[in-house]
Amino acid sequence: MGWTMEGSLQLRGKLEGPRIGIFICHCGGNISDTVDVNRVKEEASRLEGVVIAETHEYVCSDPGQAMIVNAIEEHGLNRVVIASCSPKMHLDTFRRTLSSAGLNPYLLEMANVREQCSWVHDDREDATSKAVDLVRSAVRRVRHHKPLEPKSMLINRDVLVIGGGIAGIIASIELADKGHRVYLVERSPSIGGHMAQLSKTFPTLDCSQCILTPKMVYVAQHPNVKLFTLSEVKAVEGSPGNYRVLIVKHPRYVEDCCVACGECEKRCPIKVPSEFEVGLTYRKAIYSPFKQAVPRTYVIDKERCLYFTKGVCRLCERFCKANAVNLDQKDEFIELDVGAIVVCTGYDQLDPNALEEYGYGLHPNIVTNLQFERIALAGFKRPSDSKPPKKVAFVLCVGSRMTNEGKGVKHCCKIGCMVAIKQAMLLQKAVPDAEPWIFYMDVRADGKGYEEFYMTAQEHNVRFVRGRVAQVVPIDENRLLIQAEDTFLGTSFEGVFDLVVLSVGIVLSRGTAELAKRLGMQLGADGFLLERHFKLKPVDSQREAIFVAGVALGPKDIRESTLEAMATASRAATFLGKGEISLSPEVAYIILERCDNCGICVEVCPTNAVERALSAVIVNPVACVGCGICVARCPRGAIELNHCTEDQLLAQIEGICEGGVRPKVLAFVERNTAYSSVDLAGQMRASYQSNVEVTQVPTAGRVALRHVLYAFAAGADGVIFVEGDDSVFTEEALREHVTQLKKELSRYGVSPLRLLSITTTIPQYDKALNVFETMVARLGKIGSISEGDRLKLRKAFEELNVIK
Amino acid sequence: MVSERSEGGEAVIKATEMDPKFKYEISKIPGAEKIMLCFQCGTCTADCPIARFSDAYRPRRILRMVQLGLKSRVLSSDVLWLCAACFTCVDRCPQDVEIAGVLRTLRNLAVKEGFMPAVYRELATSVLETGLAYKIPASRLRKRVEAGLPPLPKADVKSINKLAEVTGFSKIIQARRT
């Protein structure tokens with residue numbers, strides 16, 4: 001590993017002994033209101049190797065960083081510890097600070113005294129004591145830090161865009177115009193998405209098709225865009241900058257020479273409810289989804305076609321003048337190499353059937369707002385008898401803003417109010433004496449021009465009733481009774497309507513959750529894809545070089561989807577424009593003289609990064625993700641993991657366990673998902689017991705029996721593993737690991753009750769908190785480990801360590 | 001509209017009347033945990049068979065008063081006792097607030113504070129004494145015989161009283177009587 005030990009150029013001969021500087025952040029009160037930062041400073045300055053300890057109002061600010069740079073110069077520091085917010089927030093910032101002062105960025109260690117201390121505890125004394133523990137752990141660990149150099153790899157400049165709705169189309173156009181080759185993958189037979197189904201757009205009342213179709217044509221004809229319809233992403237491998245994607249292109253059964261004359265459609269005997277018309281009309285088994293579809297090529301619905309279901313018919317084939325029908329087409333598998341991926345997979349509407357009181361499906365004149373878009377385009381005819389509806393009720397928040405599980409979703413659909421107002425106004429224009437009523441809880445008109453649009457609707461006699469509709473009851477073939485409360489008047493309201501339009505809530509589109517798993521992305525608590533940072537990285541996913549735009553991130557309108565699509569194009573271009581990407585040096589390496597080529601590491605490696613060679617094994621630093629499972633399992637101590645070496649791990653355990661409140665719970669938290677989840681508990685200002693202290697590890701698989709024994713010897717009374725559900729150390733592996741550890745611990749006289757584990761996702765921070773609580777409760781019963789027992793455990797640890 | 005009298009207070013709500021802790025206290029009692037989630041959509045009230053016939057009874061309003069902390073107004077209010085416990089509101093509430101449960105909780109609190117409508121105490125006393133909520137007049141019983149209907153089943157007064165004693169119900173009813 002060329003970039004590990006020798007990269008001492010930047011050290012400028014300062015490696016004689018650790019000279020550590022500690023900088024403690026007030027975070028403008030976020031930390032200092034709860035943690036006595038001056039006491040932390042005092043305690044820290046007494047630790048071995050510490051040359052200087054300082055506090056600052058905002059260490060991440062310009063003056064804060066200047067303070068660090070100056071201290072490095074002035075005191076000849078060769079290690080830096082920063083006690084502040086989570087490393088998830090500012091690790092990169094402070095690494096750059098070190099670089100700018102000429103120190104290797106890996107000589108930094110952070111103590112998370114905000115998300116995992118001041119934000120989760122109230123008691124000043126306890127929080128301060130814990131902060132001291134966290135700083136002590138960081139100082140002990142940083143003493144063993146070595147300069148590391150990242151390796152670099154060339155970036156592929158091509159981009160994959162998944163989803164051909166308005167967001168995907170805009171993102172593709174922007175990237176293609178910038179000169180990137182774009183692969184646009186769409187699952188359905190045509191691009192266009194939901195926007196193609198809409199009548200007019202609010203608040204300008206632009207015709208949706210008129211502004212969309214030119215973009216559809218432009219993107220499809222763009223020389224830099226390769227369009228794949230009826231295609232899905234099956235698998236993704238590789239790393240940011242060099243992803244390899246497997247696409248499956250489902251057969252269309254019609255060749256591109258189709259001229260869309262429609263003859264086949266006339267002959268086809270099979271009628272199917274049209275998806276595009278949201279079930280209001282029928283299409284044939286051979287069809288074009290809509291008039292402006294791109295590509296125009298017809299498609300055969302294999303599930304319904306008589307040839308595929310019963311082996312007969314073939315009328316389309318016989319009557320096609322262009323000879324375009326080809327019933328022998330098969331699934332095609334295509335491999336694409338791309339540097340970045342943009343996900344724009346959009347939304348589905350909730351199933352309104354879950355809300356029985358609204359009677360969807362019981363009466364033809366109860367429709368969804370998407371269906372009403374199609375009704376508007378077909379000339380405003382109510383489904384029951386095709387007469388123009390006069391009194392129309394728009395029912396807002398159907399399935400939205402509900403906390404009842406299984407019936408609806410918590411979030412606001414964000415577009416329902418404006419869609420209803422738009423539809424009411426369109427109705428008034430088309431049907432002169434129409435009477436649109438909107439039943440709402442709050443009208444959310446928070447976009448540019450939206451409030452004005454709402455005002456216009458009120459001026460045009462659209463009636464607004466503040467009250468959620470309780471029930472829709474069919475009274476005859478054509479009419480429906482609505483019950484609500486006018487909450488302003490405090491009186492019950494009943495009215496008879498010709499048509500009831502349900503503003504149905506929206507959720508992540510079908511299949512996106514599975515896609516997210518394949519791409520290594522996370523879902524948030526609202527069920528949509530999760531952005532890297534809510535405010536500052538709103539279109540980055542949790543994974544580098546994978547970006548998200550549109551409703552896949554959360555409900556929004558066309559304008560916002562477009563904005564996000566353009567943002568992803570910019571973010572992707574920024575990433576791709578770097579030309580090369582640095583690979584983390586935090587990978588495993590072999591200590592050749594100890595390796596006897598037993599091959600256990602080859603077996604346990606989850607990413608196939610360890611390979612057998614002639615006399616020893618070798619680690620492929622590109623494939624290695626630095627999980628450390630091999631290090632924990634190697635019987636001869638022949639593998640080390642950069643930046644989480646044995647020395648570093650033991651030092652951080654010792655530092656955290658040594659002082660503070662007893663009984664002490666040490667939580668080994670996996671560094672990505674699980675750590676973010678525990679951080680989120682802080683961001684949400686949840687709280688847990690302050691004797692639970694968190695230490696970051698690559699995965700729970702890095703922690704072996706010897707480390708757990710060491711933790712108990714050093715002062716821990718309970719140990720917890722928290723692992724992300726997307727970790728390479730799977731839930732099953734963790735369970736096995738913990739079962740094994742419990743057995744071993746019993747042999748050393750440690751109760752297996754002192755060990756717990758949990759697998760979690762980022763939003764489910766309460767899972768980790770529950771385990772914390774369980775352990776604290778248990779320790780309240782079984783008590784601390786006696787000093788005598790700790791001595792025995794230390795001996796046991798030492799023996800274990802000698803054997804290796 | 002709820003009359004001033006039925007809400008037990010002046011027309012103007014004074015800030016000093018509000019007990020900000022009231023909703024937290026209530027939310028700790030089983031059945032009323034989700035009181036804070038109510039966003040005043042009115043579904044409960046639009047569904048309510050009582051509210052359809054009584055402008056005074058607005059479950060939505062009662063929940064709002066609890067959220068505001070108008071403790072004495074709520075607990076002294078007569079409308080608390082109108083809920084028929086049909087649970088339609090509980091079924092339909094988008095926020096999963098157990099409105100009927102909140103009403104039950106409020107009634108229990110009201111009794112603790114010494115508010116119990118005379119008619120309710122009468123009913124309860126009747127149950128304890130005869131096992132039936134209503135005292136059936138002798139004339140009615142005679143009519144039954146004339147119509148050839150079988151005699152009414154006898155209620156198990158002893159068991160009812162034992163149950164009322166164990167649960168503390170009879171104490172509450174009797175204590176207030178004297």
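A polar contact is taken here as a pair of N or O atoms within 3.5 Å; within protein, one atom must be able to donate a hydrogen and the other to accept it, and residues adjacent in sequence count only if both atoms are side-chain atoms. The structure is a predicted model, in which local features need pLDDT of at least 70 and side-chain atom pairs count only at pLDDT 80 or more, whereas totals for chains, interfaces and linings use all residues. Residues are numbered from 1 along each chain as its sequence is written, chains are lettered from A and ligands numbered from 1 in the order in which they are written, and side-chain values use heavy atoms, with hydrogens and water left out.

The loop of chain A between α14 (512-519) and β29 (546-548) contains A:S541; helices (H or I, at least four residues) and strands (E, at least two) are DSSP runs, numbered from the N terminus. A:S541 has a relative accessibility of 0% and therefore counts as buried, a class defined by a relative accessible area under 20%, with exposed meaning over 50% and partly exposed in between (1.4 Å probe, protein chains only). The side chain of A:S541 reaches two backbone oxygens, that of A:R543 at 3.0 Å and that of A:I546 at 2.8 Å. When residues up to four places away in sequence are not counted, A:S541 touches A:M521, A:L530, A:R532, A:I546, A:F547 and A:V548, contact being defined as heavy atoms within 4.5 Å.

A:D540 is also placed in the loop between α14 and β29 of chain A. This residue, A:D540, counts as buried at 3% relative accessibility. Its side chain makes a polar contact with the side chain of A:R571 at 2.7 Å. With residues up to four places away in sequence again set aside, the residues touched by A:D540 are A:L530, A:E531, A:R532, A:I546, A:F547 and A:R571.

Elsewhere in chain A, strand β21 (residues 391-398) has 7 of its 8 residues buried, so this strand is largely enclosed by the rest of the structure. β21(A) runs parallel to strand β22 (residues 435-440) of chain A, to which 5 bridges join it; two strands pair if DSSP finds at least two bridges between them. Within this pairing, A:V392 has A:P436 of β22(A) as its bridge partner.

In chain B, B:E17 lies in the segment before α1 (22-27). B:E17 counts as partly exposed, at 26% relative accessibility. Its C-alpha atom is separated by 8.1 Å from that of B:S72, a residue 55 residues apart along the chain. Apart from neighbours within four places in sequence, B:E17 is in contact with B:V12, B:G69, B:L70 and B:R73.

The contact between the chains takes 21 residues from chain A and 21 residues from chain B. Together the two chains bury about 1700 Å², 39% of it on carbon and sulfur atoms; buried area is the accessible area (1.4 Å probe) that two parts lose on being put together, summed over both. The interface holds 3 salt bridges, each requiring a side-chain nitrogen of Lys or Arg within 4 Å of a carboxyl oxygen of Asp or Glu. A salt bridge joins the side chains of A:E485 and B:R58, with an N to O distance of 3.3 Å. On the side of chain B that touches chain A, α2 (43-47) and α5 (88-92) each supply at least two residues, and α2(B) gives the most, with 4 residues.
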